[in-house]
Amino acid sequence: MTITRHPTRRALLRATTATAAALLALAHAPAQAQAPYPNKPIRMVVPFQAGGATDVLARVLGQKMAAGLGQPVVIDNKPGAAGIIGTDMVAKAAPDGYTIVFSLSNSLLTNEFLYEKLPYDTQRDLTLVYQVAMGPLVLVVHPSVPAKTAPELLKYVAANKGKVAYGSYGVGAYPHLAGAHMSLTQQADMNHVAYKGEAPMMQDLIGGQIQMAYASALVAKPHIDAGKVRAIGVSGERRMAALPTVPTMAEQGLKDEAYRVTGWLAFAVPAKTPKPIVDRIAEEVRKASQQPDVRERIAAMGFELKDSSPELFAAAWKTERPIWERLIKQSGAKLE
């Protein structure tokens with residue numbers, strides 16, 4: 001004998017309520033998943049002190065990007081350890097496009113060859129977004145140095161073995177690596193003096209405590225114009241807009257890769273950030289950096305504007321990486 005049990009009214013009510021709740025959740029799920037980006041402020045971490053060239057450019061770009069994104073872009077300076085502290089903070093942030101880093105090539109590339117241990121791995125923990133500008137430097141000498149061209153300077157340092165000192169604003173920074181390369185190739189046994197910034201380095205160069213240094217156009221140009229230092233040449237592949245009469249080192253016959261590479265300024269986000277968000281950030285950076293007043297500001301600071309993308313930046317990074325590795329190993333620079 002079969003007994004058929006009919007559901008009670010209470011059971012039917014519970015089932016109907018559960019079904020309605022499930023349908024409601026399904027109805028809302030796509031809307032939540034497809035919430036427009038961005039819908040809240042974006043934090044742009046600058047892993048250096050406020051007031052420097054990187055910070056100044058970050059604020060210019062942030063203001064322009066905010067207009068395109070429709071949300072505030074808040075600059076957050078997190079200096080320390082050659083950009084490591086701030087960059088690591090972004091590497092460990094949620095990959096949702098609301099925490100981005102604007103930094104230099106040291107924290108996004110060269111530090112991996114300088115430090116025994118880094119708390120992040122650029123290739124594993126970050127996604128490269130956009131290379132905003134290259135940062136060529138100008139090689140300047142004290143007026144007491146008789147050389148006026150790059151070939152003349154090579155002959156001078158070779159003839160004055162052990163007597164020439166060059167400055168930099170940090171062990172492993174480009175001015176250190178380029179100076180070490182010149183010293184090694186000319187067997188000049190030059191002395192390297194590392195400073196805590198460009199300003200004290202330039203003051204010692206003007207005072208004659210060191211004889212040569214690579215510096216940014218922003219810092220060096222007023223002293224070049226005043227005759228306090230002499231410009232020999234610029235790094236990179238092209239002349240600086242801020243110093244159009246100063247030839248590149250390559251133009252003068254110094255075609256070694258040490259004189260042709262330059263540092264750069266760029267954006268990155270945490271790894272696993274969705275591709276549409278990465279592309280949106282890249283597009284807003286491109287639009288911001290291409291605006292006439294921003295282009296003029298970048299050129300005046302001595303930087304060379306890039307037309308980039310996530311794909312172009314990643315390709316450039318892979319091409320440059322072995323060059324920087326060779327230069328750092330050649331210099332013997334190591335940091336803890």
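Begin by selecting Tyr174, Tyr214 and Trp324, which ring pairs link into a cluster. Rings of Phe, Tyr and Trp (its six-membered ring) pair if their centres lie within 6.5 Å; planes under 30 degrees apart count as stacked, over 60 as edge-to-face and the rest as tilted. The model is predicted: local features need pLDDT of at least 70 and side-chain atom pairs count only at pLDDT 80 or more, while totals for chains, interfaces and linings use all residues. Residues are numbered from 1 along each chain as its sequence is written, and side-chain values use heavy atoms, with hydrogens and water left out.

**The whole protein**

Display the cartoon next. The secondary structure comprises 13 helices and 11 strands; helices (H or I, at least four residues) and strands (E, at least two) are DSSP runs, numbered from the N terminus. Of the 336 residues, 49% are buried, where buried means under 20% relative accessible area, exposed over 50%, and partly exposed in between (1.4 Å probe, protein chains only). Among contacts (heavy atoms within 4.5 Å) between residues at least 6 apart in sequence, 78% join residues at least 24 apart.

**Aromatic pairs on strand S10**

The whole structure holds five aromatic pairs. Select Phe102 and Phe267: their ring centres are 4.6 Å apart and their planes stand at 35°, so this pair is tilted. Phe102 belongs to strand S3 (residues 99–104) and Phe267 to strand S10 (residues 263–270), so the pair ties together parts that are 165 residues apart in sequence. Both Phe102 and Phe267 are buried.

Because Trp264 lies in strand S10 and Phe313 in helix H13 (residues 310–331), the pair ties together parts that are 49 residues apart in sequence. Trp264 is buried, as is Phe313.

**A charge over a ring**

Move to Lys40 and Tyr98. The charged end of Lys40 sits over the ring of Tyr98, 4.7 Å from the ring centre; a charge sits over a ring if NZ of Lys or CZ of Arg is within 6 Å of the ring centre and within 35 degrees of the ring normal.

**A loop residue**

Finish at Asn160, in the loop between helix H6 (150–159) and strand S6 (165–168). Asn160 has a relative accessible area of 19% and is therefore buried. A polar atom of the Asn160 side chain lies 2.8 Å from the backbone oxygen of Tyr156.

Technical notes
A polar contact is a pair of N or O atoms within 3.5 Å; within protein, one must be able to donate a hydrogen and the other to accept it, and residues adjacent in sequence count only if both atoms are side-chain atoms.
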